[in-house]
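Me: I would like to go through this model term by term. For each label, please give the value, the cut-off and the conclusion.

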Amino acid sequence: MADTSFDLFAYITAPIVTIETGIVLAKTLASAMPKSLPVHVKKAALKLLKVAEDGEVALAQRQRELGQTPDESSRDVDFAADSAWNVLHDLLEALTRLPDSYERAKKAKKLLPVLFPEGTAFLRLSYGAQVVRMDLILKRIDGDGLAKTLEAVIGPEPLQEVRAVQPRYEAMVKRRLKEVGAAANLLENVRALQRAIVEYATTVASTVDSDDAASVALAREALRPIDNHREQVASGRRLEPIPPARPADPAAPAAGPEPEDK
């Protein structure tokens with residue numbers, strides 16, 4: 001007697017996927033769909049392809065963001081700012097080690113706690129927090145009329161450099177804020193893939209008649225990529241697209257799973 005059992009509950013839970021494996025699984029499901037399934041299943045398969053394509057676009061954009069330097073990379077700007085502020089701080093700190101008999105040392109001892117009450121810890125903050133802290137110090141220097149004193153103590157170059165890097169840093173932070181967060185984007189794409197896969201699976205499941213062995217065979221064939229994916233995830237193997245073999249006759253029993261790759 002033919003096995004007409006079909007476990008719907010095995011397919012209503014979203015599969016565990018990354019953006020890459022989700023794209024592969026969605027495209028494999030769409031390409032493996034038996035042509036004899038009804039129109040509403042085919043519509044769900046088209047949605048799978050659309051969501052997979054959206055995922056590919058988002059992933060490609062993410063890779064471009066990682067590899068490109070629109071003006072200059074965030075890390076380059078951050079390194080330049082950190083270097084300039086460290087030089088300014090370290091010169092002041094070095095002078096504080098001299099006796100007060102040196103005028104520059106005396107002035108450095110007054111300036112250091114005013115400008116750097118917490119040292120250079122602000123350089124380890126997020127980009128957004130750091131740009132605010134740097135701006136506050138520069139405003140303190142200008143608002144309290146400390147620029148001339150500072151330049152007399154350590155020379156004009158460090159202050160000139162931190163002033164020069166500030167607008168670059170601000171531009172970098174603004175650019176990053178305008179961009180849709182890539183990580184959040186990819187997470188949304190992963191969730192969209194999971195939803196589309198579950199939607200497709202439940203649509204396929206709706207075609208099953210437990211009294212009709214052919215309908216069970218077609219559903220199993222259509223959803224076999226999900227079964228293969230779960231087995232591969234459980235075994236820790238890489239996900240490979242493994243479209244199931246299609247019976248020549250839709251009413252014929254589905255072929256058994258192909259041998260696993262080693």
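**Contacts, fold and labels**

Reply: Of the contacts in the chain with a separation of 6 or more, 74% are between residues 24 or more positions apart; contact means heavy atoms within 4.5 Å. This is a predicted model, in which local features need pLDDT of at least 70, side-chain atom pairs count only at pLDDT 80 or more, and totals for chains, interfaces and linings use all residues. Residues are numbered from 1 along each chain as its sequence is written, and side-chain values use heavy atoms, with hydrogens and water left out.

Me: Why is the pair of tryptophan 85 and phenylalanine 116 called edge-to-face?

Reply: Rings of Phe, Tyr and Trp (its six-membered ring) pair if their centres lie within 6.5 Å; planes under 30 degrees apart count as stacked, over 60 as edge-to-face and the rest as tilted. The structure holds five aromatic pairs. In this one the ring centres are 6.1 Å apart and the planes stand at 75 degrees, so the pair is edge-to-face.

Me: Why is this pair said to tie together separate parts of the chain?

Reply: Tryptophan 85 lies in helix α3 (residues 74-95), whereas phenylalanine 116 lies in the loop between α4 (103-115) and α5 (127-143), so the pair ties together parts that are 31 residues apart in sequence. Trp85 and Phe116 also form one aromatic cluster with Phe122.

Me: Are tryptophan 85 and phenylalanine 116 buried or exposed?

Reply: Buried means under 20% relative accessible area, exposed over 50%, and partly exposed in between (1.4 Å probe, protein chains only). Tryptophan 85 has 0% relative accessibility and therefore counts as buried. Phenylalanine 116, at 5%, counts as buried too.

Me: What makes tyrosine 127 and tyrosine 169 an edge-to-face pair?

Reply: Their rings are 6.2 Å apart centre to centre, with 80 degrees between the planes, and the aromatic pair is edge-to-face. Tyrosine 127 lies in helix α5 and tyrosine 169 in helix α7 (residues 157-178), so the pair ties together parts that are 42 residues apart in sequence.

Me: Which labels do tyrosine 127 and tyrosine 169 get for burial?

Reply: Tyrosine 127 is partly exposed, because its relative accessible area is 21%. Tyrosine 169 has a relative accessible area of 0% and is therefore buried.

Me: How do you know that histidine 89 is buried, and what does it touch?

Reply: Histidine 89 has a relative accessible area of 7%, so it is buried. The residue is in helix α3. Not counting residues up to four places away in sequence, histidine 89 touches Leu112, Phe116, Gly119 and Thr120.

Me: What lines the second largest pocket?

Reply: The lining consists of Val114, Leu115, Phe116, Pro117, Glu118, Gly119, Ala121, Phe122, Arg133, Leu136, Ile137 and Arg140. α4 and α5 each supply at least two of the lining residues, and α5 gives the most, with four.

Me: How do the lining residues divide into nonpolar, polar and charged?

Reply: There are eight nonpolar, one polar and three charged residues in the lining. Ala, Val, Leu, Ile, Met, Phe, Trp, Tyr, Cys and Pro count as nonpolar, Asp, Glu, Lys and Arg as charged, and the others, Gly among them, as polar.

Me: Why is leucine 98 called partly exposed?

Reply: The relative accessible area of leucine 98 is 36%, so it is partly exposed. Leucine 98 sits in the loop between α3 and α4. Leaving aside neighbours within four places in sequence, leucine 98 is in contact with Ala105 and Lys109.

Me: What label does glutamate 188 get at 41% relative accessibility?

Reply: Glutamate 188 counts as partly exposed at that value. The residue lies in helix α8 (residues 182-205). Its C-alpha atom is separated by 9.9 Å from that of alanine 58, 130 residues apart along the chain.

Technical notes. On a 1 Å grid over the protein atoms alone, a cavity is a set of points where a 1.4 Å probe fits but cannot get out, and a pocket is an open set with protein on both sides within 12 Å along at least five of seven lines; lining residues have an atom within 4 Å of a point.
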